[in-house]
Amino acid sequence: MTLPTPPTRRRFLQSAGIVGGASILAPSLIGCVAPGPRWTRDPFTLGIASGDPRPDGFVLWTRLAPDPLSADPATPGGMSSGGVPVAYEISTDPSMSVLVRSGTATALAEDAWSVHLEITGLPPGRPYWYRFASGAAQSGIGRTMTAPAIGAPLDKMRFGFVSCSNYEVGYFSAYRHLANEQPDLVVFLGDYIYEHVGRRPGVRLHSDGVAAKDLRTYRNRYAQYHTDPDLQSVHAAAPCLMTWDDHEVQNDYANDLSETFDDPAQFLKRRAAAYRAYYEHMPVRPSLSYPNGPDMRLYDRFSFGDLIEFSVLDGRQYRSSQACYARPNNGGGHVETDASCPERLEPARSMLGPAQEKWLFDGLAKATTRWNVIAQDVLMAELRERQSDGRIAHWTDDWNGYPACRERLLRHIRDASVRNPVVIGGDSHTFWANELKLDPGGPTVATEFVGTSITSYGPSYDAWVSYLPDNPHVKFVDSRQRGYVAVEVTPQRMDVAMRVVSDATDPKATLSTLRNFIVEDKRAGPVSA
Ligand code: FE
Ligand code: CA
């Protein structure tokens, strides 16, 4: 069976049983000039976005950038003057005729004229539409939602998860097709941008031609991605949950360590610039995520009624270094056998850092939702990679580099009897459907699905297939196509569709479904559908 099918109505709204909140009369922006300057160029070139859906609100985002790729460090996005007023409206209908909230925020130079509105006080479990205006300029209209109340019955929810959108090597047709599915939610699992410039020629260029390394270049990289119409369409279609992987900063970085062995103090300055630019371009909650130097809290938990809870993790900021990192030419991830790198197995090593591990374990132990999704950046399942000499090796940058941490997590999931744990991930530019186990022949503790890249090149399919005999818990692997994963959840089951685009180098690529899996309530593991 192929799921999800295009919705005819907002099932999310219907199932939440709420068809209209109290509306208040507010002056419409239609036909009016909002406060703000007299623009000579459209300031809404980066689109709009929403995120952080809660039972009483969400975050709305935009960034004013009349010249989005300004080369002048003194005028990011083509802006130079101080605070700029940005009006907003929130409506219960797509034509913006029934306003429930409106107001004016101020876009500040220190935030690169981004706006993060933390909206609260709205009724739960229904869709909303929003837009921005400044002077005579207006943004497009986006759709968002409030989550159903904690514990409220919810009989269906649809979400997509995405990762690895390299602008240079393809067009973002996969984002456009996901937007067309009108999911309730989109989960971004990292590599939203790529900081480097490609070695092989792609279909389009990172405009500045240099690897992002400071605030100006990270800002312009994020801005360029946000100018993409397909990326704008997926943000306008649904609220999102955000986490990052490595390329938001640098390939295979770990905490304060760069793959190029930069002095950690220097690397933290780069990380601070990258995190700040990330904040400025994402609909994340300022009260949680406003960056503080090189630190930015991103991990968070999101509940949707009694149906599903997402624990969104940060797999980069707090992790131990990759095992055997310090050897010459060994920066970032690499393949190690147990003999070549016993350090990989050390029990103190963590993918999450102690505070996040505790936060995750506490949350999972208290979870009462039917489905419990751990949304994070990289492959979690063990992957035994048999080398040409017959020895077994592991990749050190994903959870295979942190096996003690993975074992703690899976043991906790089992011991706390977490209901229907499902791990989702990205990074590997490969679809995976896996059983997560504590012991190779033992029971399945949790289910894992990994999505392929939106555009980034896939690794060798033949290599993945050659590893399968040593990894019977891997039920499916395919790195040959680009796309995303669409999920429909009901109390009885999770339907997972691996969607692929016809050609990531074709801006008009069409969509098809590669494979479908289901996960049944109280039965861990992907089942082919
Ligand atoms: Fe990637
Ligand atoms: Ca990655």
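Predicted model: local features only at pLDDT ≥ 70, side-chain atom pairs only at ≥ 80, totals over all residues.
Modeller: Residues are numbered from 1 along each chain as its sequence is written, chains are lettered from A and ligands numbered from 1 in the order in which they are written, and side-chain values use heavy atoms, without hydrogens and water.

Colleague: What makes residues 157–162 strand E9?

Modeller: Strands (E, at least two residues) and helices (H or I, at least four) are DSSP runs, numbered from the N terminus. Residues 157–162 are such a run, E9.

Colleague: Why is E9 called largely enclosed?

Modeller: Buried means under 20% relative accessible area; exposed is over 50%, and partly exposed lies in between (1.4 Å probe, protein chains only). In E9, 6 of the 6 residues are buried, so the strand is largely enclosed by the rest of the structure. Met 157, Phe 159 and Phe 161 point one way, while Arg 158, Gly 160 and Val 162 point the other way. In a regular strand the side chains alternate between the two faces of the sheet.

Colleague: How do you know that E9 pairs with E22 and with E10?

Modeller: Two strands pair if DSSP finds at least two bridges between them. E9 has 5 bridges to strand E22 (residues 483–489), running antiparallel. Met 157 has Val 489 as its bridge partner there. E9 also has 4 bridges to strand E10 (residues 185–188), running parallel.

Colleague: What makes the crossover from E9 to E10 right-handed?

Modeller: The chain goes from E9 through helix H2 (residues 173–180) to E10, a right-handed β-α-β crossover. The term means that, with the strands pointing away from the viewer, the path from the first strand over the helix to the second runs clockwise.

Colleague: Which atoms hold the iron ion (ligand 1), and what makes them donors?

Modeller: Donors are N, O and S atoms within 2.8 Å of the metal (3.2 Å for Na, K and Ca). Cys 164 (SG), Asp 191 (OD), Tyr 194 (OH) and His 429 (NE2) coordinate the iron ion (ligand 1) at 2.1 to 2.4 Å, so they qualify. Water is not among the atoms, so sites may look incomplete.

Colleague: Why is the arrangement around the iron ion (ligand 1) called irregular?

Modeller: Four donors are tetrahedral if all angles lie between 85 and 135 degrees. Four are square planar, and six octahedral, if opposite donors are over 155 degrees apart and all others between 65 and 115; anything else is irregular. The 4 donor atoms here subtend angles of 87 to 166°, which makes the arrangement irregular.

Colleague: What makes Ser 303 and Glu 309 a polar contact?

Modeller: A polar contact is a pair of N or O atoms within 3.5 Å; within protein, one must be able to donate a hydrogen and the other to accept it, and residues adjacent in sequence count only if both atoms are side-chain atoms. The side chains of Ser 303 and Glu 309 make one of 2.4 Å. Ser 303 lies in strand E12 (residues 300–304).
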